[in-house]
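Have a look at the structure and then read on.

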Amino acid sequence: MAGILVKNTGQVIETSAAISVLNSLMRNGVQIKHVCGGKAQCGTCRYKVLKGAEFLSPIRPLERIRLDALGNPENVRLGCQSYTFGDIEIEILLSD
């Protein structure tokens, strides 16, 4: 099991590599905006990676397109498109 430390709330949640960061957060009651339902269309489920970027899945083309369109720095990811296989620390950029 991997853990996600959410700096905004201080919560640590357990997750697996089979569940997106967005779904892991939502399942554990963490408030994060997600307008398009996890399809990489809106970019509202963005979070900043504070630690553990090496434990995240690679950025896929749909995520890259959306992040580039929003002008986000390299340490920002989409919750709906990223998966973690190790412990990470994040800061949610838009809460629901």
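**Notes on cysteines, a loop and a ring pair**

1. Cys-45 is buried, at 3% relative accessible area. Keep in mind that this is a predicted model, so treat the numbers as computed values for it, with buried meaning under 20%.

2. Don't go looking for an S–S bond here: the disulfide count comes to zero. Cys-45 has its nearest cysteine sulfur on Cys-80, 3.7 Å away, and is in no disulfide. Cys-36 is in no disulfide either, with the sulfur of Cys-42 as its nearest, also at 3.7 Å.

3. Val-35 sits in the loop between helix H1 (21–27) and E3. With 58% relative accessibility, Val-35 counts as exposed. Setting aside neighbours within four places in sequence, Val-35 contacts Cys-42 and Thr-44.

4. Now the aromatics: searching the whole structure turns up one pair. The partners are Phe-55 and Phe-85, arranged edge-to-face, with 6.1 Å between centres and 85° between planes. They link distant parts of the chain, 30 residues apart: Phe-55 is in the loop between strand E3 (46–51) and helix H2 (61–70), and Phe-85 in the loop between strand E4 (76–78) and strand E5 (88–92).

5. Buried or exposed, what is Phe-85? At 52% relative accessibility, Phe-85 counts as exposed. Phe-55 comes out at 31%, which makes it partly exposed.

Conventions
Residues numbered from 1 in each chain as written. Predicted model: local features only at pLDDT ≥ 70, side-chain atom pairs only at ≥ 80, totals over all residues. Heavy atoms only, no water. Phe/Tyr/Trp six-rings, centres within 6.5 Å; stacked < 30°, edge-to-face > 60°. Helix = DSSP H or I, 4+ residues; strand = E, 2+ residues; numbered from the N terminus. Buried < 20%, exposed > 50% of the residue type's maximum accessible area, 1.4 Å probe, protein only. Disulfide = S-S within 2.5 Å. Contact = heavy atoms within 4.5 Å.
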